[in-house]
2 protein chains.
Amino acid sequence: MDFDENNGSTVIKRNTEYKPNKNWRNLLIGRPLSTADAPHQTIGKLLGLAVFSSDAMSSVAYAPQEMLLILAAAGVASFHISIPLAMAICGLLIILTLSYEQTIHAYPSGGGAYIVARDNLGELPAQTAAAALLTDYILTVSVSISSGVAQLVSAFPALITYKVWIAVALVFFVMLINLRGVKESGITFAIPTYFFIIMMYVTIVIGLIRVISGTLHPVVGAPQDILMLNETLQPITLFLILKAFSSGTTALTGVEAISNGITAFKEPRSKNAGRTLIIMAVILGSMMLGITYLAHMVGATPSEEETVISQIARTVFDNRGVFYLGTIAATMVILVMAANTAFADFPRLSAIAATDGFLPRQFTYRGSRLVYSRGIVALAIVASILIIVTQASVSRLIPLYAIGVFLSFTLSQTGMARRWWKSGKLGLEESKVERGSTLKFDKGWKFKMFVNSLGALVTGMVMMVFAITKFKDGAWFVVVLTPILVFTFSSIHRHYMKVAADLTLDNYVAPNRIVRQRVIMPIGGVHKSTLAALRYAKTLSDDITAVHVSTDPIETKKVQEKWDLWGDGYRLVVLDSPYRLFVEPLLEYIEELDESKAPNEIISIVVPQFIPKHIWNIWLHTNTADTLRRVLLYRKDIVIMEVPYQVD
Amino acid sequence: MDFDENNGSTVIKRNTEYKPNKNWRNLLIGRPLSTADAPHQTIGKLLGLAVFSSDAMSSVAYAPQEMLLILAAAGVASFHISIPLAMAICGLLIILTLSYEQTIHAYPSGGGAYIVARDNLGELPAQTAAAALLTDYILTVSVSISSGVAQLVSAFPALITYKVWIAVALVFFVMLINLRGVKESGITFAIPTYFFIIMMYVTIVIGLIRVISGTLHPVVGAPQDILMLNETLQPITLFLILKAFSSGTTALTGVEAISNGITAFKEPRSKNAGRTLIIMAVILGSMMLGITYLAHMVGATPSEEETVISQIARTVFDNRGVFYLGTIAATMVILVMAANTAFADFPRLSAIAATDGFLPRQFTYRGSRLVYSRGIVALAIVASILIIVTQASVSRLIPLYAIGVFLSFTLSQTGMARRWWKSGKLGLEESKVERGSTLKFDKGWKFKMFVNSLGALVTGMVMMVFAITKFKDGAWFVVVLTPILVFTFSSIHRHYMKVAADLTLDNYVAPNRIVRQRVIMPIGGVHKSTLAALRYAKTLSDDITAVHVSTDPIETKKVQEKWDLWGDGYRLVVLDSPYRLFVEPLLEYIEELDESKAPNEIISIVVPQFIPKHIWNIWLHTNTADTLRRVLLYRKDIVIMEVPYQVD
C-alpha cells in the first residue's frame with residue numbers, strides 16, 4: 001500500500017493481483033489471462049490469406065448448389081444457366097475486390113463497414129451497418145456449420161438422423177474454442193485452408209482433364225429428392241434467373257474480411273492486405289467457375305441428402321476413396337473455420353458498438369480469457385436456434401443470408417464514395433481538415449470515387465434483387481428485422497446519452513445533509529434473526545417501527561406477545577390483511593409515512609434476512625427482502641437493506 | 001388506529017382493508033377474495049356421487065382399451081381374456097370398497113392416505129404416501145386429458161396432428177378454472193357426470209339387446225395401427241396376462257376420492273359418504289364389465305387413432321350420429337372433469353404436507369382467489385411436460401400411473417389395519433387413550449382389521465405385479481422417483497426442524513450493542529448517484545471508505561480526480577484488477593477488514609444504485625449490488641444496502 005496524499009482526499013492504491021480460483025471453467029476454457037497478456041503479432045500474405053479467407057472460400061461449398069436448387073424448379077434442362085450466372089458473379093467479385101482494395105488503403109487501421117459508415121455517413125447508417133453485419137455473422141455460423149454437416153452426411157449417410165444435433169454440437173465446440181481465446185497461430189489456419197485449396201484444385205483439374213479426354217461420366221445415382229418435389233415444371237423466367245443469381249451471390253460473403261483485419265498484416269500492411277485480397281479473389285473466382293462447370297458436366301443435382309461437392313468428388317475420383325474423403329474433410333473443416341471467423345468478428349463488432357453506446361455496455365466486458373465472452377455465447381445461442389428451426393438445411397437459411405452482407409457492402413462503398421468526394425473538396429479548401437481526421441487529399445479522388453460508387457450501386461442492386469426474389473422464402477424476416485434492430489440500437493444510444501446527462505456533476509448543487517432517519521422493520525415473527533436486525537437498526541436511529549402484516553390472527557397474537565418481551569420497547573404496528581397480501585399493505589403504510597416526512601428525512605427499511613447454512617436451501621424460505629427491494633427501488637429517499645442472520 | 005398500550009411496547013393495529021388493484025390477472029382469474037369468503041356448503045348422496053366420482057368412472061374410457069393393447073401382443077385371438085380380467089378387477093373393486101367404507105367411518109373428517117398413514121404409521125410412511133399421491137395426481141391429469149383428446153380425435157380425425165397441443169391447452173384451461181377457484185356448485189358436476197352415466201348405460205343396454213337379438217355386427221374398419229406393429233405374435237404367458245391385468249387396474253384409480261372429501265357431505269356424513277362409495281363402485285364395476293364385454297363382441301381393436309369407446313359407440317348406434325357424438329362428448333367431458341379433481345386434490349395435499357414441513361412453505365400460501373395457486377400452477381406445468389414427452393399417448397402414460405395409486409391404497413389400508421389393532425388393544429387397557437386422539441374402542445375390531453389387512457395385502461400385491469410387469473415400459477421411472485421424492489421430503493422436514501431450533505429465543509442471550517460502523521462504498525465512477533449514496537452513508541458513520549476497482553487506468557485517473565473534488569475528504573481506495581475481475585478483489589478487501597474488526601463492530605456496504613426511469617432499461621446497466629449481495633449475504637456482521645438514485 002502506498003499512501004498518496006492529494007489535496008482533500010486520501011487515495012490509497014493497492015495492487016490486489018487477485019487471481020481467480022481454479023474451477024471447472026478453467027478446465028473448459030483455460031487459466032485466466034491478465035490484461036497485459038493481449039497478443040501483438042503480425043503476419044505476411046501467405047498466412048494472411050489463410051487467416052482471412054476461410055469465410056469467402058468456403059462459400060463455394062454451397063453457392064453453386066443453391067443456384068442449381070433454384071433452377072431445379074424449371075427442370076434439369078435449365079441447369080446450364082448456372083454457368084453464365086457464375087460468370088456474372090465473378091464480374092461482381094471483380095468490382096467488389098477493386099472497391100475493397102481502395103478501402104484497405106484508405107483505412108490502414110481496419111475499415112469494416114461499421115467504421116466506414118460511422119466515419120463518413122453518420123449515426124443511423126452506422127447502426128444499420130451494425131445490424132446488417134451482426135445478423136450476417138450469425139448466419140455465417142448457421143450456414144457454414146449446416147453446410148459442413150451436409151458434407152459429413154454426404155460421406156456417411158447413416159448420420160442424417162443426427163444432422164441437427166451434430167450441427168449444434170459443432171457450434172458449441174467452436175464457441176468453447178473461442179471462449180478459450182486460443183492465440184491462434186497462423187499455422188493452425190494455414191494447414192486446413194491450403195489443404196482445402198489444394199483439394200479443390202486437384203478435383204477441378206482432374207475433372208477438367210477427364211472432360212477433355214472424354215472419360216468423365218455422369219454422377220451414378222444422383223439424388224432425386226429435390227427434383228421429385230417439382231412435379232410441374234416452371235418456365236424459365238427472368239425472375240427465376242435472378243433468384244438463382246441471388247443464391248449464387250452468397251459465394252461473395254466474406255470478401256470484406258481482410259478489410260477488417262488489416263492491422264494483423266506485416267508492414268507495409270495496406271499493400272500486403274491489398275495483394276492478399278486480390279489473390280483471394282482470384283482463387284475464389286476460379287473455384288466458383290470450376291465447381292459450377294464440373295457440377296454441370298457430371299449432371300450433379302441439388303439435394304438435402306448429398307451435396308454437389310460430394311457428387312462431383314465421387315465422380316471425378318471414380319469412387320469414395322481417399323481422395324474423395326480428403327475433399328469432403330477439407331470442405332467440412334474450412335466451413336467450420338468460416339464459422340470460427342464469425343465467432344471472432346461478432347463479439348469484436350458488438351464490443352465496438354457497445355463502446356459507442358449502441359449495444360448494452362456488458363458487451364464490452366472481456367472475460368477471464370481476454371475475449372468478449374458475452375458476445376461469443378450470444379452468437380452461439382442465436383446461431384443454434386436458427387439451425388434447429390431450419391433443421392440445419394442450408395437451402396432454408398440462404399434466403400436470410402446475403403441481404404445483410406450486401407447491405408453492409410453498399411453502406412461501406414457509399415461511405416467510401418462520400419469520403420473521396422470530401423477528399424476532393426479538400427483539395428479546393430486545404431484549410432478545412434478536421435482535427436484528428438485521417439482524411440487526406442488524394443489526387444486520384446475522381447477515379448476512386450467512381451470505383452466505389454459503382455461498387456455501391458451494384459451491391460445495392462444485388463441486395464434489392466435478393467430481397468425481392470427471396471422475399472417469400474425468408475428474406476422478409478431480415479427485411480423486417482433490420483429496421484427493428486436499428487431502432488433498438490438507437491433507443492439504447494438515446495438511453496445512455498440521457499443517463500450520462502442526468503448523472504453529470506456539471507451544475508450540481510449538493511443537497512442538505514440528512515438530519516433524520518426513520519427505520520421501518522417488517523417482521524414475520526420474532527426470533528433470533530429479527531433481533532439481529534433490531535440490533536443493527538438501533539445503530540441507525542432511535543425512531544424504529546416494527547411492522548407485522550397479519551394474515552393469521554393466531555400468528556399475530558404470538559408475534560405481539562413475543563415483541564412485548566423482546567422488542568426493547570420499540571413500536572410494533574400490525575397491519576391487517578384480509579386478502580392475504582403481504583407487500584401491498586406494507587407499501588401503503590410506507591407511502592403514508594413517505595408523504596408526511598420532512599425534506600431532509602430518509603426512510604430506511606431494515607429487513608431481517610434468515611440465511612440457511614446451505615445456499616440451496618434458500619428456496620425453502622420466502623424471500624421478502626427481494627420482493628420489497630424490487631418495488632421500493634423506484635421510490636425516492638427510501639433505502640432498503642437486509643441484515644443477514646446466518647445459521648451456524 | 002387504536003392505540004393499545006401493553007407493558008413495554010406500543011402495539012398499533014390497523015385494518016388496511018387493502019384491496020389489490022384491478023389488473024390483467026383479474027380478467028383471467030377474477031376479483032380477489034377475502035379470507036372470510038371461504039365457502040361452507042354440504043351436499044347429499046346424489047350430488048356427492050357427481051362431485052367425487054369423475055376420476056373413478058372416467059377410467060372406463062381407457063382401462064378396457066389398455067388391457068386389449070397388452071393382449072394385442074399375442075394377437076386378436078387372445079382378446080377374450082379381457083373378460084375374466086375385468087371380472088377379477090371387479091373383485092378387487094369389492095375388496096377396496098369394503099376397505100374404504102371402513103376408513104370413511106373411522107375418519108369422518110376426511111381420511112386420505114396421507115392422513116391415515118401419518119396418524120397410524122408415522123413420518124416415513126406418511127412421506128411415502130405423499131410422494132405416491134402427488135405423482136398420482138399429476139398422472140391423473142396427464143392420462144385423463146390425453147384420453148379425453150383421444151376421444152375427440154376419434155370423432156374428428158383431422159385434429160390428430162394437433163393432439164398434443166389440444167391436450168396442453170386443455171390442461172391450461174383447467175388450470176385457469178382452478179386459479180379462479182370457482183365455487184363449484186354440485187350442479188356443475190352433476191349434469192356432465194349423470195350425462196356420462198346415462199350415455200354409458202344407453203350404449204351398454206342397446207349393445208346387449210343387439211347382442212341378444214343377433215343384430216350387432218363387428219366394427220367397420222377397425223383401426224389396425226397397433227396390431228400391425230406386432231409382426232410376430234407372442235405366446236399367451238402368465239406374464240402377459242398379469243401385465244394386461246395391471247393395465248386394467250387403472251380402472252380403480254379414483255376410488256379413494258370420497259374418503260378424502262367426507263366433510264362435504266350432509267349429516268350423517270360418514271353414512272352418506274359410505275353409501276355413495278358403494279353406489280359408485282356398483283356403477284363403475286358394471287360399466288367396466290359392460291364396456292369390456294361389448295368391446296369383445298364388436299371386435300374393437302386398441303389403437304392410437306380411434307378409441308375403443310368410439311368403436312363401440314359407432315357400432316352400437318350404427319353410425320356417427322347424435323348418439324355417437326353424445327357418447328364421445330360425455331366421455332371427453334368426464335375425463336376433463338377427472339383432471340379437474342386432481343387440480344383440487346394436488347394443491348390441497350401439498351398445502352397439508354407443507355404445513356407439516358415436508359414441502360416448501362410457499363405451498364401453504366393461498367392466492368388472491370383463496371386457492372393454493374402455486375400448487376395449481378406446478379401441477380399444470382409438470383402434467384403438460386408429461387403430455388408433451390409422451391405425445392399425449394395414453395398407452396405410454398399408463399405404465400407410470402397405477403403404482404402410486406396402489407402404493408397409497410396399501411399404505412392407507414395398512415394404516416387402518418394398524419388402527420384397528422390399536423383400537424382392539426384399547427379395549428384391554430381403556431385408560432391408555434391418547435389425549436386428542438379420535439381412536440375409540442370398536443367391538444368389531446377383529447373383523448375390520450381383517451378387511452383392511454386383506455385390502456392392504458391385495459393392493460400391495462397388485463402394486464408389485466404392476467411394477468414388475470410394466471417395469472421396462474416406464475414403471476421404472478416411478479420406482480426410482482418415489483424414493484427420491486421421499487428423501488427430498490424428509491430432507492426438507494429436517495431443514496425446517498433445524499431452522500426452528502436455531503432461531504428460537506429459548507435460552508437466548510442478547511449480544512452487546514453495536515458500537516462502531518464502518519462503511520464501505522464501492523464506486524464505478526463519481527456522479528450524482530455516487531454522491532446520493534455518500535450523503536446517506538454519512539448518516540451511518542464517519543468511517544467511510546470509497547473503493548474503486550480499477551480495470552482501466554484512464555478511467556481510474558478520472559475517478560480519482562473527481563473524488564478529490566466531490567468526495568468531501570473521505571478515503572478512496574483503488575484496487576488494481578489485472579484480470580478485469582470486479583467482485584473478487586472487492587471481496588478480498590472486505591475480508592481483510594473483516595478480520596481486523598472488533599466484536600461489536602459491523603461493516604455496512606453502501607452501494608450506489610442507479611435506477612433508470614423505465615424499469616425495462618435496467619438490463620442496460622451492470623447490476624453490481626445484486627452480485628455483491630449474493631456473495632456477502634453469507635458473511636457474518638456485514639450488511640449490504642443500496643441507495644437508489646432515480647432519474648427524473
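Start at A:Glu306. Leaving aside residues up to four places away in sequence, A:Glu306 touches A:Ser154, A:Pro223 and A:Gln311. Keep in mind that this is a predicted model. Where does A:Glu306 lie? In the loop between H12 and helix H13 (308-316) of chain A. Buried or exposed? A:Glu306 is buried, because 24 other C-beta atoms lie within 10 Å, and 20 or more is the cut-off. A:Glu306 and A:Gln151 sit 155 residues apart in sequence, yet their C-alpha atoms are 7.3 Å apart in space.

Now the chain as a whole. Chain A has 22 helices and 7 strands. It runs to 648 residues, and 48% of them count as buried. Take the contacts in chain A between residues at least 6 apart in sequence: 79% of these join residues at least 24 apart.

Next, a helix pair. Two packed helices are described by the angle between their axes and the distance between the axes. Our pair is helix H8 (residues 163-180) and helix H15 (residues 373-389), both of chain A. Their axes come within 10 Å and cross at roughly 170°. That angle is over 145°, so H8(A) is roughly antiparallel to H15(A).

Which residues meet? From H8(A) we have A:Val164, A:Ala167, A:Val168, A:Val171, A:Phe172, A:Met175, A:Asn178 and A:Leu179. From H15(A) come A:Ser373, A:Ile376, A:Val377, A:Ala380, A:Ala383, A:Ser384, A:Ile387 and A:Ile388. By class, the contact of H8(A) with H15(A) has 13 nonpolar residues, 3 polar and no charged ones.

Stay with H15(A). Its 17 residues reach 25 Å from first C-alpha to last, close to the 24 Å expected at 1.5 Å a residue. The buried residues in H15(A) are A:Ser373, A:Gly375, A:Ile376, A:Leu379, A:Ala380, A:Ala383, A:Ser384, A:Leu386 and A:Ile387. Looking down the axis of H15(A), these buried residues fall within an arc of 165°, so they line one face of the helix. After H15(A) comes A:Gln391, with a positive phi near 55°.

Over to chain B for the counterpart in numbering. B:Gln391 also has a phi near 55°, positive in a residue other than glycine. B:Gln391 sits in the loop between helix H15 (373-389) and helix H16 (394-428) of chain B. B:Gln391 is exposed, with 12 other C-beta atoms within 10 Å.

Why flag these angles? Because most residues other than glycine have a negative phi, and most peptide bonds are trans.

Another positive phi in chain B: B:Asp318, near 65°. B:Asp318 is placed in the loop between helix H13 (308-316) and helix H14 (322-355) of chain B. B:Asp318 is partly exposed, with 15 other C-beta atoms within 10 Å.

Now the cis peptides. In chain A, the bond from A:Glu267 to A:Pro268 is cis, with omega near -5°. A:Pro268 is in the loop between helix H11 (257-260) and helix H12 (269-298) of chain A. In chain B, the bond from B:Glu267 to B:Pro268 is cis, with omega near -5°. B:Pro268 is found in the loop between helix H11 (257-260) and helix H12 (269-298) of chain B.

Helix H19 (residues 528-540) of chain A has 13 residues and should span 18 Å at 1.5 Å a residue; its end C-alpha atoms are 19 Å apart, which agrees. Buried residues in H19(A) include A:Leu531, A:Leu534, A:Tyr536 and A:Leu540.

Helix H20 (residues 553-566) of chain B has 14 residues and reaches 20 Å, close to the 20 Å expected at 1.5 Å a residue. Which residues of H20(B) are buried? B:Val559, B:Gln560 and B:Trp563. They cover an arc of only 100° around the axis, which puts them on the same side of H20(B). On the other side of H20(B), B:Ile554 and B:Lys557 are exposed. B:Asp568 follows H20(B), and its phi is positive, near 55°.

Last stop, B:Gly75. B:Gly75 lies in the loop between helix H4 (63-71) and helix H5 (82-106) of chain B. B:Gly75 is partly exposed, with 15 other C-beta atoms within 10 Å.

Methods:
Residues numbered from 1 in each chain as written. Chains lettered and ligands numbered in written order. Predicted model: local features only at pLDDT ≥ 70, side-chain atom pairs only at ≥ 80, totals over all residues. Axes fitted to C-alpha atoms, helices over the stretch in contact; angles between N-to-C directions. Helix = DSSP H or I, 4+ residues; strand = E, 2+ residues; numbered from the N terminus. Parallel < 35°, antiparallel > 145°, perpendicular 65-115°, else oblique. Contact = placed C-beta atoms within 7 Å. Nonpolar A, V, L, I, M, F, W, Y, C, P; charged D, E, K, R; others polar. Expected span 1.5 Å × (residues − 1). Arc of directions from axis to C-beta.
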